[in-house]
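Take a look at the sequence and the model below, and keep the viewer open while you read. We'll go from the whole chain down to single residues.

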Amino acid sequence: MSGTWRYGRWHEGPDPLAPPLDLREALDELGRDVMDGASPRSALEELLRRGTPGTTGLDELTRQLWQRRAKLQRENNLDGTLNEVRELLERALDAERRALFPDPGDDARFAEARLDALPSSTAGAVNELAEYPWRSEQAREDYQRIRDLLGEQLMQSRFEGMKDALGQVGKADVDAMAGMLEDLNELLAAHARGEDTSERFAGFMRDHGQYFPENPRNTEELVDALAARSAAAQRMMNSMSAEQRAELAELSAQAFGDSRIGQGLSTMDGLLRALRPGEDWDSAARMRGDNPLGLAEGAQAMQELGQLDALAEQLAQSYPGARLEDIDLEALAAQLGEDAAVSARRLAELERELHRGGLFERAEDGTLRLSPKALRRLGAVALRDVLGSLRAGRGERDTTRAGAAGEPTGSSRPWRFGDTESWDVARTVRNAVLRSAETGAFGVRLDVRDVEVIETEKRERAAVALCVDTSWSMVAEGRWLPMKRTALALHQLISTRYRTDELALIGFGRHANTLELGELVALEGTWEQGTNLHHALLLAGQHFRRNPDANPVLLVVTDGEPTAHLEPDGAAEFSYPPDPRTLALTVSEVDGLARLGASTSIFRLGEDPRLTEFVDLLARRANGRVVAPDLDGLGAAVVADYLRGRRT
């Protein structure tokens with residue numbers, strides 16, 4: 001086959017060749033914001049406002065809209081029609097005076113006196129000259145042009161298709177427009193009374209459809225189209241000075257030299273305002289530029305400003321039930337170009353897929369939170385970053401040793417006295433069948449020689465307590481996010497590679513609490529005095545005692561010396577500088593954990609000399625160690641010490 005092929009831009013719906021949405025990257029950004037203290041909803045809103053690589057965000061699209069709006073107001077004014085009427089009037093009067101000057105008769109002098117006595121206002125002069133017998137043909141044409149101009153501008157400001165319908169306007173054309181307005185107002189009045197206007201509408205469109213390129217399908221759509229333009233024309237009038245409005249109101253009577261046009265438009269505006277009170281009929285916009293716009297152009301500019309305001313509201317997503325699907329993509333493309341519409345469409349797809357992908361869920365109180373699936377994804381990313389920064393080997397996970405409480409290796413071996421592993425039933429029966437066949441015995445009988453057991457490898461099991469400082473200083477010094485990413489990485493490592501280990505995440509400020517991963521990730525920094533390491537160590541001890549068969553591993557991340565302790569009645573006592581009782585209770589609890597055999601590592605953040613001295617003391621008493629990582633290396637340091645401590 002041969003033929004000519006033409007390639008162009010895709011216009012119908014999403015680009016089929018566009019790269020798929022990268023939800024992983026979006027989730028990573030969401031996770032960073034959530035761990036930094038934002039709620040999942042605000043983090044999602046911030047992501048959409050900021051945008052993603054290759055996709056313009058809502059804030060930038062809004063900025064472009066306001067920039068375009070400001071340009072419209074800065075460059076244009078609404079004096080176009082009045083200025084043009086004044087120029088035509090001056091030309092007509094000059095031409096008429098030149099025609100009268102050579103005539104010495106009294107009629108010529110009387111005509112000159114009449115021209116000299118015209119009102120100073122443009123509208124008054126135009127109305128005064130309605131019955132004037134022009135001698136100059138040029139003056140007569142200019143005056144008639146004033147009437148035609150007023151009629152054209154008024155009609156075009158209300159009817160989108162009027163510009164194409166208006167050519168050389170004659171009396172028959174004016175009669176047709178007056179008849180259309182009369183029929184339209186009857187249709188609108190009937191609709192306002194609640195009558196069925198289906199047949200009346202069909203007849204109206206059959207007779208006057210050339211004025212309505214929008215091709216409305218029923219009276220409601222016709223009212224919508226007309227009301228939008230009528231409201232824009234009213235906003236244009238609101239934006240003029242009182243003198244300008246008065247002049248235009250007076251001049252409207254001269255539209256096409258037929259008062260029926262102005263009266264019909266006034267009646268139509270009133271009916272539309274009653275039918276669509278929700279349209280913006282009362283606002284105004286300051287137009288301060290040098291480019292004069294006529295009535296039709298001014299109404300179009302006001303409609304464009306209204307469209308820009310509506311788009312800005314849609315992009316702001318600040319109204320109840322707002323969704324990105326609400327954005328008028330066609331209007332956005334018309335105002336900012338096709339690329340802006342593509343970005344808005346991709347943001348809407350991103351929002352929809354994040355919800356559909358099960359990355360958010362509703363909490364019991366109705367708030368939005370990250371789902372376990374999202375937390376696993378964030379943990380995987382955090383762990384990948386941590387393992388990538390480890391310089392030393394990651395350590396071997398398994399020690400291969402036959403025994404109880406192990407995991408299958410995939411192989412089996414003959415049973416020996418004292419073995420407690422499960423039988424490999426298939427291989428045991430197979431051995432019995434083969435042995436019976438060799439001996440020629442009738443039937444199949446199991447013998448102890450046939451039994452094979454599933455070989456297992458024993459895994460070391462650890463009970464891990466990660467105690468993280470959640471006092472305000474962690475937020476103030478920029479340590480909040482690294483702390484949470486560290487907890488995510490450790491949780492991901494244990495839940496995916498060391499599933500028999502038990503991890504307790506313990507946050508300590510004025511009090512200490514054992515936290516679920518989602519609670520820690522969503523935890524917001526609050527102003528609260530107190531670093532209650534004593535309470536955190538008490539909870540760690542409870543965790544170790546609940547898992548007596550596991551190696552206890554204690555990991556403490558803090559940036560301040562203990563300033564609070566727990567009293568027997570559950571109250572937290574705060575003191576700064578630290579009370580000796582607080583320090584003594586904290587040291588005593590570390591000694592108790594050391595007697596349990598806990599492998600202890602303390603991660604000191606910051607260079608506080610008092611903190612350095614105290615954690616060195618704790619490490620010596622617990623036979624542990626102190627690590628002072630930078631924030632970027634905190635996760636790697638904690639994971640490395642966990643791998644070391646679980647084998648101790």
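This is a predicted model: local features need pLDDT of at least 70, side-chain atom pairs count only at pLDDT 80 or more; totals for chains, interfaces and linings use all residues.

Residues are numbered from 1 along each chain as its sequence is written, and side-chain values use heavy atoms, with hydrogens and water left out.

Let's start with the whole thing. The protein chain has 25 helices and 16 strands; these are DSSP runs (H or I over at least four residues for helices, E over at least two for strands), numbered from the N terminus. Of its 648 residues, 47% count as buried, where buried means under 20% relative accessible area, exposed means over 50%, and partly exposed is in between, using a 1.4 Å probe and protein chains only. The chain exposes about 33600 Å², and carbon and sulfur atoms supply 48% of that; the areas come from the Shrake-Rupley method with a 1.4 Å probe, and for residues only the protein chains shown count as cover. If you look at contacts (heavy atoms within 4.5 Å) with a separation of 6 or more, residues 24 or more positions apart account for 72% of them.

Now for the inside. In soluble globular proteins, nonpolar side chains tend to be buried together. A nonpolar core here is a set of buried Ala, Val, Leu, Ile, Met, Phe, Trp, Tyr and Cys residues joined through side-chain atoms within 4.5 Å. The largest such core holds 89 residues, and L129, M155, F159, M180, L184, F212 and I261 touch the most other members. Helix α9 (residues 171–192) gives the most to it, with nine residues. There is also a second, separate core of 31 residues, with A487, L490, L555 and V638 among them.

Zoom in on F212. Which residues is F212 in contact with, leaving aside its neighbours within four places in sequence? They are F159, M180, F204, M205, L222 and L226. Back on helix α9, you'll find H191. H191 counts as buried because its relative accessibility is 17%. Setting aside its neighbours within four places in sequence, H191 is in contact with T197, T219, E220, V223 and L275.

On a 1 Å grid over the protein atoms alone, a cavity is a set of points where a 1.4 Å probe fits but cannot get out, and a pocket is an open set with protein on both sides within 12 Å along at least five of seven lines; lining residues have an atom within 4 Å of a point. Grid points are joined across faces, edges and corners, and a volume is the space filled by probe spheres set on the points.

The largest pocket has a volume of about 590 Å³. It is lined by 23 residues, with E160, R229, Q300, Q303 and E304 nearest its centre. Helices α7 (137–158), α11 (219–239), α14 (295–316) and α15 (329–336) each supply at least two lining residues, and α14 has the largest share, 10 residues. The lining divides into seven nonpolar, eight polar and eight charged residues; Ala, Val, Leu, Ile, Met, Phe, Trp, Tyr, Cys and Pro count as nonpolar, Asp, Glu, Lys and Arg as charged, and the others, Gly among them, as polar.

As for cavities, there are two of 30 Å³ or more. At least two of the lining residues come from each of α22 (533–546), β12 (551–558) and β15 (599–604).

Finally, some backbone details. The peptide bond from Y576 to P577 is cis, with omega near 0°, and P577 lies in the loop between β14 (572–574) and α23 (580–595). N215, in the loop between α10 (198–208) and α11, has a positive phi near 55° although it is not glycine. N215 is exposed, because its relative accessible area is 55%. N623 also has phi near 55° and sits in the loop between α24 (609–621) and β16 (625–627). With a relative accessible area of 72%, N623 is exposed too.
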